[in-house]
Amino acid sequence: MSEFFGVKIQRQQPIVDAIRATVAAKRRPVAARDRVYASEISGCDRRITFALLGCEPDAPRADSPSALLGDAIHAHLEALLKEAYPGRVETEVRVMSAAVSGRIDALLLDDNDALTVVDIKTVSAREWATRSKVEEYIDQISVYAALVEAQTGVVLLVNRDTGEMEELRFEIDRARAEALLYKALRLQSLALEGYIAEAVAWGTEECRWCPFRRRCEPLDKTSVLEYDAD
């Protein structure tokens, strides 16, 4: 028991514990899967094949308050988009191809019956300033657009620290989208045959935070390797 301005504060945290338990219950067990997620398609080839094979990460993912905040912002903005464009917006659109799956935040039909893919990204103030992941966002949206035949993509960037919003609009590069879809097919095929791909992001910032870094570290980085579950 401690005091804060004369008020006795208990050290037990039943509400925090309840929230953490609820978050933990929502986590899916690690399992092999048959498709590449559109949200990871810009990532390291080896990291993606590890995920497809159902490889256990180095450590379980910790609770993320920022992720919970991001989910709340997403839900609120999707509701506002429906109000702003009545009858012309569909949210939480699930898409799938032979090798890719994902969920589009919002699909907007304009006055000329052309489709725009809108993806909401909640970022820290640092990412807001650097825009270091914009290319990754464009890749994800480009894949979505190819799957639904949309002409335009929009990254709706939200600074969760300040509440600022910015719309980054671009025309879909079909060649870029097709190259990403081909990448997904290649990695899917490798994983189905029991192989892991090259570690193309080795030594980068992505590599530093990779959940499979310790497993990858002793392996050859430049070759396709047979997967060893141990």
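Five elements, α3 (65-84), β5 (100-109), β6 (115-123), β7 and β8, each supply at least two residues of the lining of the second largest pocket. Helices here are DSSP runs of H or I with at least four residues, strands are runs of E with at least two, and both are numbered from the N terminus. Before going on: this is a predicted model, where local features need pLDDT of at least 70, side-chain atom pairs count only at pLDDT 80 or more, and totals for chains, interfaces and linings use all residues. Residues are numbered from 1 along each chain as its sequence is written, and side-chain values use heavy atoms, with hydrogens and water left out.

Back to the pocket. The second largest pocket holds about 270 Å³ of space. Fifteen residues line that pocket, and Leu-81, Tyr-85, Leu-108, Glu-167 and Arg-169 are the closest to its centre. β5 has the largest share of the lining, three residues. By class, the lining has 10 nonpolar residues, one polar and four charged. Nonpolar means Ala, Val, Leu, Ile, Met, Phe, Trp, Tyr, Cys and Pro; charged means Asp, Glu, Lys and Arg; the others, Gly among them, are polar.

A pocket, on a 1 Å grid over the protein atoms alone, is an open set of points with protein on both sides within 12 Å along at least five of seven lines; a cavity is a set where a 1.4 Å probe fits but cannot get out; lining residues have an atom within 4 Å of a point. Points are joined across faces, edges and corners, and a volume is the space filled by probe spheres set on them.

How many cavities of 30 Å³ or more does a search of the whole structure find? One. The largest cavity has about 110 Å³ of space. Its lining comprises 13 residues, with Cys-44, Arg-47, Cys-207, Cys-210 and Cys-216 nearest the centre. α2 gives the most to this lining, three residues. The lining is made up of nine nonpolar, no polar and four charged residues.

Next, the strands. β7 (residues 152-159) and β8 (residues 165-171) run antiparallel and are joined by seven bridges; two strands pair if DSSP finds at least two bridges between them. Val-155 has Leu-168 in β8 as its bridge partner. The two strands form a hairpin with five residues between them, and Gly-163 in the turn has a positive phi of about 85 degrees.

Met-165 is in β8. Beyond its neighbours within four places in sequence, Met-165 is in contact with Leu-77, Trp-128, Leu-157 and Val-158, where contact means heavy atoms within 4.5 Å.

Last, two helices. α5 (residues 134-148) and α6 (residues 174-192) pack at about 90 degrees, with axes 9 Å apart. α5 and α6 are therefore roughly perpendicular, a label for angles of 65 to 115 degrees. Axes are lines fitted to C-alpha atoms, for helices over the stretch in contact, and angles run from 0 to 180 degrees between N-to-C directions.

Conventions. Angles under 35 degrees count as roughly parallel, over 145 as roughly antiparallel, 65 to 115 as roughly perpendicular and the rest as oblique.
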